[in-house]
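User: Could you walk me through this structure step by step? I would like to learn how to read its features.

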Amino acid sequence: MGNVFVGKGRPSRVTEQDRVILQLKQQRDKLKQYKRKLTVQLEKERFLARQLLKDGKKERALLLLKKKRYQAQLLDKTETQISNLERMVQDLEFAQIEVKVLEGLKVGNDCLKKMHEALSIEEVERIMEETQDAIEYQKQVDEMLAGCLSQEDEEAVLAELEAITQDEDVQLPEVPTEPLPAVPELEHGSKPAKVKQEGMILLAE
Amino acid sequence: MSFEWPWQYNFPPFFTLQPNAETRQKQLAAWCSLVLSYCRHRKLYTVDVLEVQESPMFNNKKIERKLSVEAIQVVFEELRKKGNLEWMDKNKARSLIMWRRPEEWGKLIYQWVSKNGMVNSVFTLYELSNGDDTETEEFHGLEECMLLRALQALQTEGKAEVITMDDGKGVKFF
């Protein structure tokens with residue numbers, strides 16, 4: 001009844017180990033039920049013994065207590081067996097996990113191997129060589145293109161470089177302490193004066 | 001927590017099937033909801049028609065009224081039409097009352113399983129319904145046939161697989 005849906009096409013995902021685990025667990029369930037029964041009985045007998053003592057039937061009470069003692073021992077044994085079974089189940093479950101881990105590692109290893117196959121040393125050498133060739137080629141092209149600049153262009157480039165370097169070298173002259181000289185002086189050094197002005201604005205800010 | 005009876009429960013005509021079709025429809029609806037909420041309250045899963053007549057559900061001692069077996073059959077048949085009940089035998093003497101659908105039970109069980117990281121583990125049915133670990137869960141004490149239905153519902157979703165063995169059944173969750 002339980003397997004109505006299984007077997008129709010898709011295969012069962014229950015392994016042989018699962019069945020073994022189930023069997024162990026069923027055994028454990030039975031022991032647990034047995035334990036429950038014993039506990040109930042113990043409780044009942046304790047009550048009965050007390051009743052007998054009250055009635056003055058000491059002999060029978062003693063007998064009953066002996067029986068109870070025996071049952072308590074049984075209960076202990078049952079407990080140990082339950083824990084044995086449970087440990088076994090846990091061991092089995094862990095072993096299953098270990099198998100899975102190993103499988104995973106194997107798959108990873110195979111995959112790594114395949115990828116290494118694709119990456120043969122010769123192939124790497126060839127590719128690196130080709131890359132080197134390409135770099136060389138690029139260098140050649142660069143050189144050829146660099147040679148294309150005319151003499152005039154080169155001069156213009158140099159001039160620009162000069163201008164930039166000079167710009168950076170400009171230093172602010174000392175702020176004059178004496179009163180400003182006459183106008184002609186101003187015409188002569190108009191550029192530095194402007195720079196000075198800008199510098200002052202900057203300072204003011 | 002005591003069960004809260006609907007007002008109809010103390011209304012004597014409620015215990016006699018009404019001839020008027022419209023009234024009867026309303027009456028049956030009230031009975032259906034009464035049965036479902038009572039069974040939910042008492043956590044009843046299987047009900048014996050003859051026995052249940054004596055239960056407070058159909059027998060109001062205070063007003064000295066009880067529903068006849070025939071009327072109970074009618075109510076149960078109505079529940080069956082609504083999908084809340086299934087007959088467990090041909091004579092319609094025992095019924096499975098599903099105040100929670102198997103799919104819903106399955107969902108609850110699966111939630112518990114995944115919350116506790118026990119997917120991919122094997123369980124016995126006893127363990128699920130009577131185990132120490134499920135004591136605080138709603139499905140603790142669920143009757144086996146109901147439990148099985150819930151697990152089968154999970155099985156159709158591919159979340160579980162019921163395992164049948166010589167002495168009892170088990171289940172593996174995925």
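Predicted model: local features only at pLDDT ≥ 70, side-chain atom pairs only at ≥ 80, totals over all residues.

User: Let's begin with the outline. How many helices and strands are there in chain B?

Analyst: Chain B holds 6 helices and 8 strands. Following the sequence, their order is α-β-α-β-β-α-β-β-α-β-α-α-β-β. Of its 174 residues, 30% count as buried. Contacts also tell us about the fold: among those between residues at least 6 apart in the sequence of chain B, 54% join residues at least 24 apart.

User: How do I read the packing of two helices?

Analyst: Two packed helices are described by the angle between their axes and by the distance between those axes. Take helix α1 (residues 21-42) and helix α3 (residues 69-82) of chain B: their axes come within 9 Å and cross at roughly 80°. Angles from 65 to 115 degrees count as roughly perpendicular, and therefore α1(B) and α3(B) are roughly perpendicular to each other.

User: Which residues of α1(B) and α3(B) meet?

Analyst: From α1(B) come L28(B), W31(B), C32(B) and V35(B), and they meet V75(B), E78(B), L79(B) and K82(B) of α3(B). Sorted by class, this contact has 6 nonpolar and 2 charged residues, with no polar ones.

User: Now the cores. Which residues touch the most other members of the largest nonpolar core?

Analyst: That core has 22 residues, and I109(B), L147(B), A150(B), L151(B), L154(B) and V171(B) touch the most other members. Both chains take part: the elements giving two or more residues are α1 (16-54) of chain A and, from chain B, α4 (102-115), β6 (122-124), α5 (125-130), α6 (144-156) and β7 (160-165). With 5 residues, α6(B) gives the most. Apart from this core lies another, of 19 residues, including V35(B), M57(B), V75(B) and L85(B).

User: What does V171(B) touch?

Analyst: Leaving out residues up to four places away in sequence, V171(B) touches F123(B), L125(B), L151(B), A160(B), E161(B), V162(B) and I163(B).

User: And how many residues does each chain bring to the contact between chains A and B?

Analyst: Chain A brings 15 residues and chain B brings 19. The side of chain A that touches chain B has 5 nonpolar, 5 polar and 5 charged residues.

User: What does the UniProt record annotate in chain A?

Analyst: An unreviewed UniProt entry carries the annotation "coiled-coil region" for residues 17-44 and 75-141 of chain A. In the model, residues 17-44 of chain A are 100% helix and 0% strand, and the end C-alpha atoms of this stretch are 41 Å apart.

Technical notes
Residues numbered from 1 in each chain as written. Chains lettered and ligands numbered in written order. Contact = placed C-beta atoms within 7 Å. Nonpolar A, V, L, I, M, F, W, Y, C, P; charged D, E, K, R; others polar. Axes fitted to C-alpha atoms, helices over the stretch in contact; angles between N-to-C directions. Helix = DSSP H or I, 4+ residues; strand = E, 2+ residues; numbered from the N terminus. Parallel < 35°, antiparallel > 145°, perpendicular 65-115°, else oblique. Core = buried A, V, L, I, M, F, W, Y, C linked by C-beta atoms within 7 Å. Buried ≥ 20, exposed ≤ 12 C-beta atoms within 10 Å, placed from the backbone. UniProt positions renumbered as here; feature names shortened; annotations may be inferred.
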